[in-house]
Amino acid sequence: MVGRDRSALRSTSTHVLVDTDLLADTGTIALDDDTEHHLRRVLRLRDGESVSVTDGCGRWCLAVAVRDANNVRLEATSAIIAEPAPSRPITIAAAIPKGDRLDWMVQKVTELDVGRLVLLHADHSVVSWKPDRVDHHLARVQRIADEALRQSRRVFRLTIDAPRPAVDVLGSYVLAEPGGRPLVAADTAVAIGPEGGWSPAELDVGGDRIDLGGTILRTETAAVAVSTLCVTLDR
């Protein structure tokens, strides 16, 4: 986010995500029923409050809430700003953690401006999604990412890829693995293994290795550590 003026985004009451074809810089910005209900009944947005609106593709504008007894609508108050795509988009590939740790990981890497999260089925994975449940799980974690987008005032959605066999993709990533070298600015695609670590076969096909310190990190902790280092190196 280097060089972007986000002061206007930070000063609004809330940040709203809409479909690309609904974002407008004049007149009323259309809202789906769920979004309108959230603004009216959950956030209790008041008449005249300033909000920001994005399509999740880098375009955003400012708007004002207009409230009556039955609904809330948004009226655009600024031209649409189209931000360029990040020059160093960060991709993290990670084994799926247990329980609600995945939710936490998705939330935090979104807040830290990671561009893509690729989920992995590794040889030592403790969690694997059944094929008939993949769409359901993806929709749920995308909702979590979108909630984090709104909280963090992102204007690009986090892309989440369905789980892939780790051995099929690790050749394109540097691997988080004890004994590796330090992470550097050129490392924009990093893979993080499951609790049991990478298998010999996965280490054989993987790229270079990076070390995240002297302790053993949980998968979700390693994802946050990598995201933070990448953000720091991008400054």
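Visitor: What is the relative accessible area of Asp146, and is that residue buried or exposed?

Guide: Relative accessible area sorts residues into buried (under 20%), exposed (over 50%) and partly exposed in between, with a 1.4 Å probe and protein chains only. Asp146 has a relative accessible area of 9%, and therefore it is buried. Please keep in mind that this is a predicted model, in which local features need pLDDT of at least 70 and side-chain atom pairs count only at pLDDT 80 or more, while totals for chains, interfaces and linings use all residues. Residues are numbered from 1 along each chain as its sequence is written, and side-chain values use heavy atoms, with hydrogens and water left out.

Visitor: With which residue does Asp146 form a salt bridge, and where do the two partners lie?

Guide: Side chains of opposite charge can pair when their charged atoms come close. The term used here asks for a side-chain nitrogen of Lys or Arg within 4 Å of a carboxyl oxygen of Asp or Glu. Asp146 forms its salt bridge with Arg157, and the closest N and O atoms are 2.6 Å apart. Asp146 sits in helix H4, whereas Arg157 is in the loop between H4 and S9, so that the pair links distant parts of the chain, eleven residues apart. (Helices of at least four residues and strands of at least two are DSSP runs, numbered from the N terminus.) Arg157 has a relative accessible area of 36% and is therefore partly exposed.

Visitor: How many salt bridges are found in the whole structure?

Guide: A search of the whole structure gives 14. Among them is the pair of Glu75 and Arg73, with 2.9 Å between the closest N and O atoms; Arg73 is partly exposed because its relative accessibility is 35%.

Visitor: Which parts of the chain does the salt bridge of Arg101 and Glu195 tie together?

Guide: The side chains of Arg101 and Glu195 meet at 2.8 Å, N to O. Arg101 belongs to helix H3 and Glu195 to the loop between strand S11 (189–192) and helix H6 (200–205), so parts that are 94 residues apart in sequence are tied together. Arg101 is partly exposed at 22%, and Glu195 also counts as partly exposed, at 44% relative accessibility.

Visitor: Which residues are linked in a network with Arg101?

Guide: Glu195 and Glu220 are linked with Arg101 in a network of salt bridges. Glu220 is found in helix H7 (residues 219–233), and it counts as buried because its relative accessibility is 7%. Leaving out residues up to four places away in sequence, Glu220 touches Pro97, Arg101, Trp104 and Met105, where touching means heavy atoms within 4.5 Å.

Visitor: Where do Asp113 and Arg153 lie, and what is the phi of each?

Guide: Asp113, in the loop between H3 and strand S8 (116–121), has a positive phi near 75° although it is a residue other than glycine. Arg153, in the loop between H4 and strand S9 (159–165), has a positive phi of about 65° and is not a glycine. Asp113 counts as partly exposed because its relative accessibility is 24%, whereas Arg153 is buried, with a relative accessible area of 14%.
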